[in-house]
Amino acid sequence: MASESRSPRLAVLIDADNASARIAEGLFEEIAKIGEASVRRIYGDFSGTRSKAWADILSRHAIIPHQQFAYTTGKNASDITLVIDAMDLLHSGRFDGFCLVSSDSDFTRLASRIREQGVDVFGFGEQKTPESFRQACRRFIYTENLLPKAQATESRESAKPLQSLAHAKRILNKVISEMESEDGWVTLSLVGKQLANLASDFDPRTYGFSKLSDLVRKIDTVELVQSPAGHLRIRLKPVANTKSQKSKR
């Protein structure tokens, strides 16, 4: 466990074949919110055009490249090297967490194995990333949410959110309904923690909002208030109120 005197020490391992160099700036800004990126390594064939974009920005972010020539078609030496390095780093006992940057489901077992050791895994990948890998991570961040706004707009046909508000409503309703409370009210911070436990990839940015409180205010099945102490509290709207509102219409 990390001591109180320092930030969690993280090992950042990037699969260059399955991650765009356009996310680099946003990626390390996001990782800085979690802890200190003590190790920064990237794996791929930088002699080819596919990973050239990464090669151009390695020094800017102090990323150490691990060159893997593609000698044989269909054999991914980069993935194997990444896994070997991850296990070596894990057994060194020096790290509080791992950041695996890839959209490849092949890293599902690696993420699970690291977490079995009691170490956190934070995944970063595109929305197309298989659910198995997303759920194997303590938290999974969609890299589309890390792109600069201009690039994010260019990467999609429009600036529409990655997921609909209805999707967020289903998850939020489920979490609040399962939380025990004498009066039905729970703190928003606690709901946020439960959301992360239920869905590792839950992120307000996926629905077009920068903060959870902004997202919640758009959900019509919940109520959000501020307590005298300044804490935001939330609950599901009482069914009786909903029925009475319908009868008045």
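Across from G125 stands Y142, a residue of strand 6. Helices (H or I, at least four residues) and strands (E, at least two) are DSSP runs, numbered from the N terminus.

The model is predicted, so local features need pLDDT of at least 70 and side-chain atom pairs pLDDT 80 or more, while totals for chains, interfaces and linings use all residues. Residues are numbered from 1 along each chain as its sequence is written, and side-chain values use heavy atoms, with hydrogens and water left out.

**Exercise 1.** Work out how strand 5 is joined to strand 6, and the hand of the crossover between them.

*Solution.* 
- Step 1: Count the bridges. There are 4 between strand 5 and strand 6 (residues 139-142); two strands pair if DSSP finds at least two bridges between them.
- Step 2: Find the direction. The two strands run parallel.
- Step 3: Follow the chain. From strand 5 the path goes through helix 5 (residues 131-136) to strand 6, a right-handed β-α-β crossover. Right-handed means that, with the strands pointing away from the viewer, the path from the first strand over the helix to the second runs clockwise.

**Exercise 2.** Describe the volume and lining of the largest pocket.

*Solution.* 
- Step 1: On a 1 Å grid over the protein atoms alone, a pocket is an open set of points where a 1.4 Å probe fits, with protein on both sides within 12 Å along at least five of seven lines; lining residues have an atom within 4 Å of a point.
- Step 2: Give the volume. The largest pocket holds about 950 Å³, taken as the space filled by probe spheres set on the points, which are joined across faces, edges and corners.
- Step 3: List the lining. It has 37 residues, and F122, R138, R139, G192 and A196 lie nearest the centre. Helix 1 (24-34), strand 5 (120-125), helix 8 (188-198) and helix 9 (212-216) are the elements that give two or more residues; helix 8 has the largest share, 7 residues.
- Step 4: Sort by class. The lining has 15 nonpolar, 9 polar and 13 charged residues. Here Ala, Val, Leu, Ile, Met, Phe, Trp, Tyr, Cys and Pro count as nonpolar, Asp, Glu, Lys and Arg as charged, and the others, Gly among them, as polar.

**Exercise 3.** Decide for D85, T81 and A62 whether each is buried or exposed.

*Solution.* 
- Step 1: Set the limits. Buried means under 20% relative accessible area, exposed over 50%, partly exposed in between (1.4 Å probe, protein chains only).
- Step 2: Take helix 3 (residues 77-92), where D85 is found. D85 is buried because its relative accessibility is 13%. T81, also placed in helix 3, is buried at 17%.
- Step 3: List contacts (heavy atoms within 4.5 Å), not counting residues up to four places away in sequence. D85 touches R41, Y43 and H66; T81 touches Y43 and Q68.
- Step 4: Turn to A62, in the loop between helix 2 (52-55) and strand 3 (64-67). A62 is exposed, at 51%, and has a positive phi, near 55°. Most residues other than glycine have a negative phi.

Methods. Contact = heavy atoms within 4.5 Å.
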